[in-house]
Amino acid sequence: QVQLVESGGGLVQAGDSLTLSCRASGRAFSAWTMGWFRQAPGKERDFVAAISWTGASTYYADSVKGRFTISRDNARNTVYLHMNSLNPEDTAVYYCAVDRGRTDEARAGDLARYDYWGQGTQVTVSS
């Protein structure tokens with residue numbers, strides 16, 4: 001069983017930066033695609049970013065391109081989401097997730113491909 005624990009959420013002001021972390025259990029972390037998703041109140045869970053198992057390939061939703069950066073440290077079983085220039089539309093619960101398969105531009109945002117999910121961390125951006 002894979003366990004994911006997110007941290008780093010909080011209340012910030014528009015224009016601020018924040019970094020989320022997600023630590024995973026399991027020896028196979030370095031072989032997994034990792035993704036970040038978010039869900040605002042009353043809305044569906046949306047893709048934010050994903051990173052390949054090597055870290056060589058990254059994928060982003062259009063709404064966060066140029067502002068967010070996903071990275072991973074396989075030695076620490078941890079994936080990060082660095083968020084800059086935050087705005088109130090970024091307010092949501094952020095979830096990390098595991099895709100045990102390989103990914104590409106077409107598959108990275110497919111929520112159904114992700115097998116394990118964290119409990120989420122709240123990010124609130126005030127105007």
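**Close-up 1. Arg100 and Asp115 meet in a salt bridge.** In this predicted model, the side chains of Arg100 and Asp115 come together with a nitrogen-to-oxygen distance of 3.0 Å, where a salt bridge is a side-chain nitrogen of Lys or Arg within 4 Å of a carboxyl oxygen of Asp or Glu. The pair links distant parts of the chain, 15 residues apart, with both Arg100 and Asp115 in the loop between β9 and β10 (116-117); strands (E, at least two residues) are DSSP runs, numbered from the N terminus. Arg100 counts as partly exposed at 49% relative accessibility, and Asp115 counts as partly exposed at 36%, on a scale where buried means under 20% relative accessible area, exposed over 50% and partly exposed in between (1.4 Å probe, protein chains only). Residues are numbered from 1 along each chain as its sequence is written, and side-chain values use heavy atoms, with hydrogens and water left out. Local features need pLDDT of at least 70 and side-chain atom pairs count only at pLDDT 80 or more, whereas totals for chains, interfaces and linings use all residues.

**Close-up 2. Asp90 forms a salt bridge with Arg67.** The closest N and O atoms of this pair are 2.8 Å apart.

**Close-up 3. Arg76 and Asp73 form a salt bridge.** Here, too, the closest N and O atoms are 2.8 Å apart, and Arg76 counts as exposed, at 52% relative accessibility. The structure holds seven salt bridges.

**Close-up 4. Phe37, Phe47, Tyr114 and Trp117 form one aromatic cluster.** Rings of Phe, Tyr and Trp (its six-membered ring) pair if their centres lie within 6.5 Å, and planes under 30 degrees apart count as stacked, over 60 as edge-to-face and the rest as tilted. By this rule there are five aromatic pairs. Tyr114 and Trp117 form a tilted pair, at 6.1 Å centre to centre and 55° between the planes. Tyr114 is buried, with a relative accessible area of 5%, while Trp117 is partly exposed at 26% relative accessibility.

**Close-up 5. The charged end of Arg45 sits over the ring of Tyr95.** The distance to the ring centre is 3.7 Å; a charge sits over a ring if NZ of Lys or CZ of Arg is within 6 Å of the ring centre and within 35 degrees of the ring normal. Arg72 lies over the face of Phe29, at 4.6 Å from the ring centre.

Definitions and conventions:
Helices (H or I, at least four residues) and strands (E, at least two) are DSSP runs, numbered from the N terminus.
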